Amino acid sequence: APELNLLEQNAAGFGVGALIITLWMLGLSSLGIPFDLPLVLALPLSLVGGLWWGRIVSKRVRPKTPSPSPTPPPPPAPYGYADWLFLGLLAVLFLFAFLRAGLYPMWAWDAFATWGFKAQVFYERQAVDLSGFEAHNYYPNLVPLLLTYLYLWLGQVNDHLVKLVFPLWGAALLGLLLVILRRVGLNRTQSLGLTAFLALNGLTFVTHLHIAYADMALTYYTLGAAGLIYLWLRDAAPRGTMPLAALFFAGLPWCKFEGPPLAASILLAAGLTLLWLRPPRLARRLASLIWPVAGLLLGYLPWRLFMASRGLETGADHILGFYPQQLLQALPTFFWALINPTLFGVLWPATLAALVLFGKKLVTTPRLFLALFLGGNFAAILLAYAVAPTSPTEFHMYVLATLDRLLLHLTPVAALVLGAGGGALFGERS
């Protein structure tokens with residue numbers, strides 16, 4: 001498979017950079033070192049410099065062997081009317097998102113009560129200091145620390161400007177989806193159309209482009225982790241995919257409390273797919289999954305160790321017992337959310353139709369991975385509601401307030417299912 005192109009590098013680099021910077025800031029606080037912009041930048045810039053120097057050295061020491069002149073790639077086809085239509089729709093969307101993010105302060109509840117609040121506290125105290133308040137203090141802190149990092153650049157707390165990072169998360173996510181779709185065999189027009197389809201179906205994705213929640217970032221890391229594993233299963237991944245996938249897996253637990261279950265579901269779906277399809281070098285491929293496991297630990301352990309050193313305890317607002325009646329009560333709302341055009345348009349009905357149309361190929365190709373991931377997470381969402389410690393009078397509102405976000409995390413993988421369906425219609429093999 002070809003190496004990472006510029007769009008892939010930028011789309012992946014955005015999330016990898018956010019991961020490295022925020023974990024480094026956590027490390028500084030663990031050592032009792034106050035935040036200072038030059039110090040915060042020291043490690044990321046050193047890593048970039050080291051990678052750049054290593055690339056130069058490798059090119060110099062690589063033996064020069066005579067080889068036939070490579071055939072130059074054909075020039076890209078000119079953009080057609082459909083390409084410009086899809087690009088225009090995305091441009092209008094992001095014009096709205098940037099204006100909506102920048103002109104409004106933090107207003108959504110979790111934005112100013114949790115993520116944004118902690119970011120301001122970390123900036124004022126120049127450390128990950130959670131003393132003296134309660135704002136889900138056990139939650140991971142990638143998003144608050146990223147906002148704190150932006151405050152350091154600005155030299156002040158400015159919610160209007162730092163909120164512009166959330167449309168950037170969405171742009172990086174759609175860029176990543178676009179290049180993954182290209183690698184699975186769709187042409188430029190099909191990939192742009194499906195990318196616009198995901199972004200413009202319903203209001204959930206659009207809303208999270210301009211509110212300071214962690215869900216867009218978690219959706220981005222979910223796509224990166226699941227998308228790269230899918231490419232790897234199809235033998236369509238670029239060189240170095242598994243180490244890169246490990247960094248996306250690290251972003252999942254460091255981003256949000258729901259990250260570790262998402263990471264575990266990707267690993268389980270990948271392992272089951274390999275065992276079912278039994279490709280050549282099965283044992284070696286199974287062993288390669290140690291990369292994402294290592295990435296998961298990289299994103300999970302630093303925060304857990306920090307919590308232990310500060311005496312922070314995990315809250316009881318997620319799991320307290322098992323309430324089977326809540327599972328039954330959640331089912332109608334869950335199925336309504338899948339078909340409610342206000343939330344996700346026709347994304348989920350179209351995804352179901354694509355899975356049905358796969359027929360036998362669903363269980364004889366790596367598309368099985370996508371189906372296992374979605375099915376497993378649907379079951380996990382319902383199980384989560386069965387253990388949610390809410391009162392009977394509050395439960396329905398709790399489901400309504402959280403279900404759209406839980407489904408949002410899965411939407412890019414639904415787009416990959418549609419991409420695989422499009423590839424099948426146009427003669428793509430697997």
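Let me start at a loop: Phe322 sits in the one between helix H14 (290-310) and helix H15 (324-339). When I say helix, I mean a DSSP run of H or I of at least four residues, while a strand is a run of E of at least two, and both are numbered from the N terminus. Before going on, please keep in mind that this is a predicted model, where local features need pLDDT of at least 70, side-chain atom pairs count only at pLDDT 80 or more, and totals for chains, interfaces and linings use all residues. Residues are numbered from 1 along each chain as its sequence is written, and side-chain values use heavy atoms, with hydrogens and water left out.

Back to Phe322, then. Its relative accessible area is 49%, so Phe322 is partly exposed. For that scale, buried is under 20% relative accessible area, exposed is over 50%, and partly exposed is in between, with a 1.4 Å probe and protein chains only. Which residues does Phe322 contact, leaving aside neighbours within four places in sequence? They are Leu383, Ala386 and Val387, where contact means heavy atoms within 4.5 Å. Phe322 and Leu383 are 61 residues apart in sequence, and their C-alpha atoms are 8.8 Å apart in space.

Now let's step back to the whole chain. How many helices and strands are there? The protein chain has 20 helices and zero strands. Its radius of gyration is 22 Å, close to the 22 Å from the globule rule for 430 residues, so the chain is as compact as a globular protein of that length. That radius is taken over C-alpha atoms, and the rule is 2.2 Å times the number of residues to the power 0.38. Along the principal axes, the C-alpha atoms fill a box of roughly 65 × 55 × 45 Å.

A few more totals for the chain. Of its 430 residues, 51% count as buried. If you take contacts between residues at least 6 apart in sequence, 79% of them join residues at least 24 apart. The accessible surface is about 20,300 Å², and 70% of that belongs to carbon and sulfur atoms; the areas come from the Shrake-Rupley method with a 1.4 Å probe.

Let's go inside. The largest nonpolar core has 139 residues, and Trp169, Tyr221 and Phe369 are those with the most contacts inside it. Helix H10 (residues 215-233) gives the most to this core, with 14 residues. By nonpolar core I mean a set of buried Ala, Val, Leu, Ile, Met, Phe, Trp, Tyr and Cys residues joined through side-chain atoms within 4.5 Å. If you click on Trp169, you will find that, not counting residues up to four places away in sequence, its contacts include Phe14, Leu142, Met216 and Tyr221.

Is Leu223 buried or exposed? Leu223 is buried, with a relative accessible area of 0%. Beyond the residues up to four places away in sequence, Leu223 touches Leu173, Leu176, Leu177, Ile180, Leu228, Pro412 and Leu416. Leu164, by contrast, is 59 residues from Leu223 in sequence and 21 Å away, C-alpha to C-alpha.

Thr411 is in helix H20 (residues 411-425). Thr411 counts as buried because its relative accessibility is 2%. Its contacts, again not counting residues up to four places away in sequence, are Leu198, Thr219, Phe344, Leu347 and Trp348.

With a relative accessibility of 4%, His208 counts as buried. Among its contacts, leaving aside neighbours within four places in sequence, are Phe166, Asp215 and Arg405.

Last stop: the loop between helix H12 (259-277) and helix H13 (282-288), where Arg278 is found. Arg278 is exposed, with a relative accessible area of 57%. From Arg278 to Ala113 the C-alpha separation is 49 Å, and the two are 165 residues apart along the chain. Arg281 is in the loop between H12 and H13 as well, and is exposed at 56% relative accessible area. Phi of Arg281 is near 55°, a positive value in a residue other than glycine.

Gln126 also has a phi near 55°. Where is Gln126? Gln126 lies in the loop between helix H4 (109-125) and helix H5 (142-154), and is partly exposed, with a relative accessible area of 24%.
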